[in-house]
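Reader: I would like to learn how to read the features of a new model. Where do we begin?

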Amino acid sequence: MSSVDEIMADEMTLETAALEPLHGEGGRTNASNQTQCCRGVSLFILDATALLTVITTATVFFWRGTWYIMDNIVNPYNYEASGWLSFVFGFLTIIVMHMWQGTFKRLITRKKNAILWHILSRLHTYILAFGCVNHWRGVWHVWDNYTGSGFVSSLVSIFLSLAILWLFRASRNALRPPFYLLLDCEHKFTVLTRYRTNISNDVYLYLLDLLFTVIIIGSAIVSYWRGVWTCLDNVLFPKNTELSGWISLGIGYGIIVVCYLLQYCAAEVSRRLRKYPRIIFEDLYLLILSFATVNVWRGIWYLSDIYIIPDKPLISGVVSHCIGLVIVFTMGTGRSLLTTGCAIDGELGDGRGVLFSHYITRQGNQIRNPHKVSVPVSMDTADSSENPETDEDYQDNEMGYEDDVEIRSSGRLGKRRSSTWWLNHFKLWYL
C-alpha cells in the first residue's frame, strides 16, 4: 500500500471515530448518544467559562499588579526615566531568556526530575512574564511621554502599528487571553521568532531575528494596544472611570461571546478561501477580536482600580499581582501571561486560524498523558524535512494553537475538504 493510501486510510478511520458519537455504533441507544452530546455541550460551556472569565481575569490581575508595582518603585517621580528603565529592563530580560533557551532545554527536562522541572519552568515563566510587562510598560510610557495621550496620538499609534503588523504578517500576535491560551504542562523553553531562525545554526542571525521580533513586532503590538486603549479613554465617558470600565467590559465580552459562538462559521469561510484572501479575511476577523480583547482587559483593569484598595495603589498592585499569579499557576496557565514569540498570519490552514484555544480538554489530555509530544499545526510551511534542526522548536507553539495529536490528525481531514470537518473538530475535543 502506498503512503498516500495509508494516509487516506488513516483519515477514513479517524473520520469514522469522530462521527461515532453522532451516529452511534452497534447497540448504542439514542439515550447514550444524547448523553454524549450533552457532555460535549457541557464541556464546551465550561471551557468557555473558564477561558473567558477566570483565566482572563487572573491574567489581567497579574499584569495590572505588576504594572502598578513598577509605577511605584521604578523612579516614580520621573515619568520619562521610569518608562525607559522599564523598557531596557524588559528588553534585556526577554533577550537573555531567549538566548539561553537552548541551555534551559538541555538542563531542565521533565524526564530527569519532574519536581525540579515544575519549579524551574514556572520560575522561568514568572521572570519572563515580569520582563514582558516591563517591556510593554516602557513602550507605552515612551509613546505617552513624547506624543501625549490625546485622541490624535492614539490614532497614530493604532494605524502605525497596524501597518507594521500587516506588512510583516504578524497582526495575530496582538491577541491575548481569552482568544489564546498557553499551558504550563506544555512548557519546553522554546520561543518562535518571526523568521524561524535556529540559534544552533547561526547565533548572530538568530539574534538579529530575535531583535526584530522584540523591538519591531513586539513594540508594534504594544502600540496597537496603547492606541485602542487611549482612544477608548478619550471617547468612552472619560470623566467616569467606573462607567467607562463597565461599558468597555460589556463591549468586549459581547463581541467575544458572539465570535466564540460563530468561530466555526468563520473557520468555514476561511477554509474556502485561497491563501491571500484567507489572510485578509482572518486579519480582519482577528482585528475585531483584538479590539474586543483590549476592551475586556481595559474593563477588568479599571474596575479593579475602583474595587481593589483604590486608595493605596502599591498595595492594590501587590494584591492583584499575587491573586493573578496564584490563579494562573494553580490552573496551569501561567504561560498565558507571556507576550513572547511570533505567529505568522495565515500560517494555520484549514480555517484553524480563527478558532479559540481550549482549556479543559487540553489540560485533561496532558494530565492523562503527561509525556505526550505537542504537535505543531501552526505553519503551512513548517515541514520538518526542510528544517530538521527546527522540528523540535515547532513542536511548541508559542501562540497557544491546538496541539493535541488528535487535532493534528483532524487537520488531515480538513485537507479533504470534508463537509463535517468542523463537527469532527468539536467531537474530537469535547466528546
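Author: Begin with surface. Accessible areas come from the Shrake-Rupley method with a 1.4 Å probe. This is a predicted model. The accessible surface of its protein chain is about 18,900 Å². Carbon and sulfur atoms account for 66% of that surface.

Reader: What share of the 431 residues is buried?

Author: Buried means under 20% relative accessible area. Here 55% of the 431 residues in the protein chain are buried.

Reader: How many helices and strands does the chain have?

Author: The secondary structure comes to 15 helices and zero strands.

Reader: Where does H7 bend?

Author: At Thr-213, by about 25 degrees. Now the ends. Asp-202 caps the N-terminal end of H7, with a side-chain oxygen 3.1 Å from the backbone nitrogen of Tyr-204. Just after H7, Phe-237 has a positive phi of about 45 degrees.

Reader: Is Gly-131 buried or exposed?

Author: Gly-131 is buried, with a relative accessible area of 0%. This glycine lies in helix H5, residues 114–147. Leaving aside neighbours within four places in sequence, Gly-131 contacts Gly-90, Thr-93 and Ile-94. Leu-92 is 39 residues from Gly-131 in sequence, yet their C-alpha atoms are 8.0 Å apart.

Reader: How do I read aromatic pairs?

Author: A pair of aromatic rings is described by the distance of the centres and the angle of the planes. The whole structure holds 21 aromatic pairs. Take Phe-87 and Phe-91: their ring centres are 6.1 Å apart and their planes are at 5 degrees, so the pair is stacked. Both lie in helix H3, four residues apart, about one turn of the helix. Phe-87 is buried at 18% relative accessible area, and Phe-91 is buried at 17%.

Reader: What about Trp-140 and Trp-229?

Author: That pair is edge-to-face, with 5.7 Å between centres and 85 degrees between planes. Trp-140 lies in H5 and Trp-229 in H7, so the pair ties together parts 89 residues apart in sequence. Both tryptophans are buried.

Technical notes
Residues numbered from 1 in each chain as written. Predicted model: local features only at pLDDT ≥ 70, side-chain atom pairs only at ≥ 80, totals over all residues. Heavy atoms only, no water. Bend = angle between axes of the 7 residues up to and from the residue. Helix = DSSP H or I, 4+ residues; strand = E, 2+ residues; numbered from the N terminus. Polar contact = N/O pair within 3.5 Å; in protein donor to acceptor, adjacent residues only side chain to side chain. Buried < 20%, exposed > 50% of the residue type's maximum accessible area, 1.4 Å probe, protein only. Contact = heavy atoms within 4.5 Å. Phe/Tyr/Trp six-rings, centres within 6.5 Å; stacked < 30°, edge-to-face > 60°.
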